[in-house]
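Let's take a walk through this structure together. Have the sequence and the 3D view open as you read.

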Amino acid sequence: MRLTCMFSFILLFGAAGLVVFIHLQDPEEIVHQQTPGIKYNMGFQQSKKDCVSSNNQDRRLRKNTADRVATVKQSDSLHLSESVPTKLQSTDKKQSSITFAMKDQQKGEEINSIGLHKRRRRFIIKKSPILISINSSILNLPTLKSEDRSNKWKSLYQIQRERKRIMRETCSKYKSNNRRIITPYHVSRIFVEDKYRVLYCEVPKAGCSNWKRVLMVLNGLASSTKDIQHNTVHYGNYLKRLDGFDHKGIYHRLNTYTKMLFIREPFEKLVSAFRDKFEHPNNYYHPVFGKAIISRYRVNATKEALRTGSGVKFKEFIQYLLDVHRPVGMDIHWDHVNRLCSPCLIDYDFVGKFESMEEDANFFLHLIGAPQNLTFPKFKDRHSNEERTTTKITQQYFAQLSPSQRQRSYDFYYMDYLMFNYSKPFEDLY
């Protein structure tokens, strides 16, 4: 009798435990467990500053991005891997596929789930990212017309194919997952021109001001690039950013517009940024970055230097750049192109270089069918009387550093050097 009672008690206890387990089990967690290889971005990153920085602009970008994420519509079902073919004109066979990640919860289930689970589901829905297969398309350059297939255009076309090949191979070799997430943050630096269907990822100190002028002319906002002033380019808010659209708008443009970026030799871009921001009066970079750098890395700094932040030396700037505990965060002017434009997530159709700007830019304008009288501007946007940063000037600045600092600086930009096929700037680097 006693044995029978104990056995009955154990059965009842086990059944009650099973009921409680089933009741508390979150269907969200089941979905995650059944879909290996897909990551959910639970965090949110702030949008960075424009090509020319200001406090007001930074606050505006953060507010706009946060508002856009907060207004994403809630969905009742989560389609985890819904591929859609691209409509880009292509000379190759493969096509890119972008999938939206939305919420998967069957209607009527878990109506009485606890409040914590409900809040977490709402949070995931609001942050729902776009999923894209890494390097899913191949060479989506517009096709050359028969009359354009001269040696000049054909050579430039092959250069583009080679740059894309190197970029894809670098991504495949060094990026661990074969599926990644595109969030509004990843497209916050991409400008949109709807008339000629162009997406331009802005890389500071690589012709970004003049490229914005070109986009404004293409969009009919000005008749000539010479008519557009510096402040109008950067503070006029005439150009739309890709993160300003909803998921459908982002998806459509990533799939159907010609995506391009222009890059520059990393050390040369770094020196150009230093000269622009720290060797000339600047009411943002001196008080924000200069004061923090001088305070941390200059021994016996004067009160005047600590007060104004002016006079930062290049060696001090490099100390800040290489410090894992920087006294102030990174800035778009010296951040990696790999982080600014996410070339391993977004399959760019055209990769231009600052070193061959005129040739590359005018070839791109020809490919998209821009007006023949529109050419890329040659004028220097700021400090026009000062010599452009060249390889020779760059070497003079880096000669101030120790071999160890030069090596660490090269390591810092190693992925940019590798991905865009730039050679080592110094022979003693390994």
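**Starting from one residue**

Let's begin with Asp-323: this residue is buried, at a relative accessible area of 17%. Here "buried" means under 20% relative accessible area, "exposed" means over 50%, and "partly exposed" covers what falls in between (1.4 Å probe, protein chains only). Asp-323 forms a salt bridge with Arg-296, and their closest N and O atoms are 3.1 Å apart. The two sit in distant parts of the chain, 27 residues apart: Asp-323 is in the loop between α12 and α13 (337-341), while Arg-296 is in helix α10 (residues 285-297). To count as a salt bridge, a side-chain nitrogen of Lys or Arg must be within 4 Å of a carboxyl oxygen of Asp or Glu.

Before going further, a word on what you're looking at. This is a predicted model, where local features need pLDDT of at least 70 and side-chain atom pairs count only at pLDDT 80 or more, while totals for chains, interfaces and linings use all residues. Residues are numbered from 1 along each chain as its sequence is written, and side-chain values use heavy atoms, leaving out hydrogens and water.

So how confident is the predictor? That's what pLDDT tells you, residue by residue, from 0 to 100. The chain's mean is 76, and 65% of its residues reach 70 or more. Confidence is highest in helix α12 (residues 314-322), at a mean of 98, and lowest in helix α2 (residues 27-34), at 33. Take some care with residues 53-63 too, where pLDDT stays under 50. The same label of under 50 applies over residues 131-139.

Now zoom out. The chain has 17 helices and eight strands; these are DSSP runs (H or I, at least four residues, for helices; E, at least two, for strands), numbered from the N terminus. Of its 430 residues, 51% count as buried.

Side chains of opposite charge can pair when their charged atoms come close. The count here comes to 19 salt bridges. One of them joins Glu-202 and Lys-212, with the closest N and O atoms 2.7 Å apart. Glu-202 is in the loop between β5 (198-201) and α6 (208-218), and Lys-212 is in helix α6. Both of these residues are buried. For another setting, look at Lys-378 and Glu-358, whose closest N and O atoms are 3.4 Å apart. Here Lys-378 is exposed, at 62% relative accessible area, and Glu-358 is partly exposed, at 43%. Salt bridges with shared partners also join Glu-162, Arg-165 and Glu-169 into one network.

Finally, which cysteines pair up? There are two disulfides, a disulfide being a pair of cysteine sulfur atoms within 2.5 Å. Cys-171 and Cys-344 form one, with sulfur atoms 1.9 Å apart. The torsion about their S-S bond is about -85°, so this disulfide is left-handed. Cys-171 lies in helix α5 (residues 151-174) and Cys-344 in the loop between α13 and β8 (350-353), 173 residues apart. Cys-201 and Cys-341 form a disulfide too, with sulfur atoms 1.9 Å apart. Cys-201 lies in strand β5 and Cys-341 in helix α13, so the pair ties together parts 140 residues apart in sequence. Both Cys-201 and Cys-341 are buried.

Terms used:
pLDDT = per-residue confidence, 0-100. Contact = heavy atoms within 4.5 Å.
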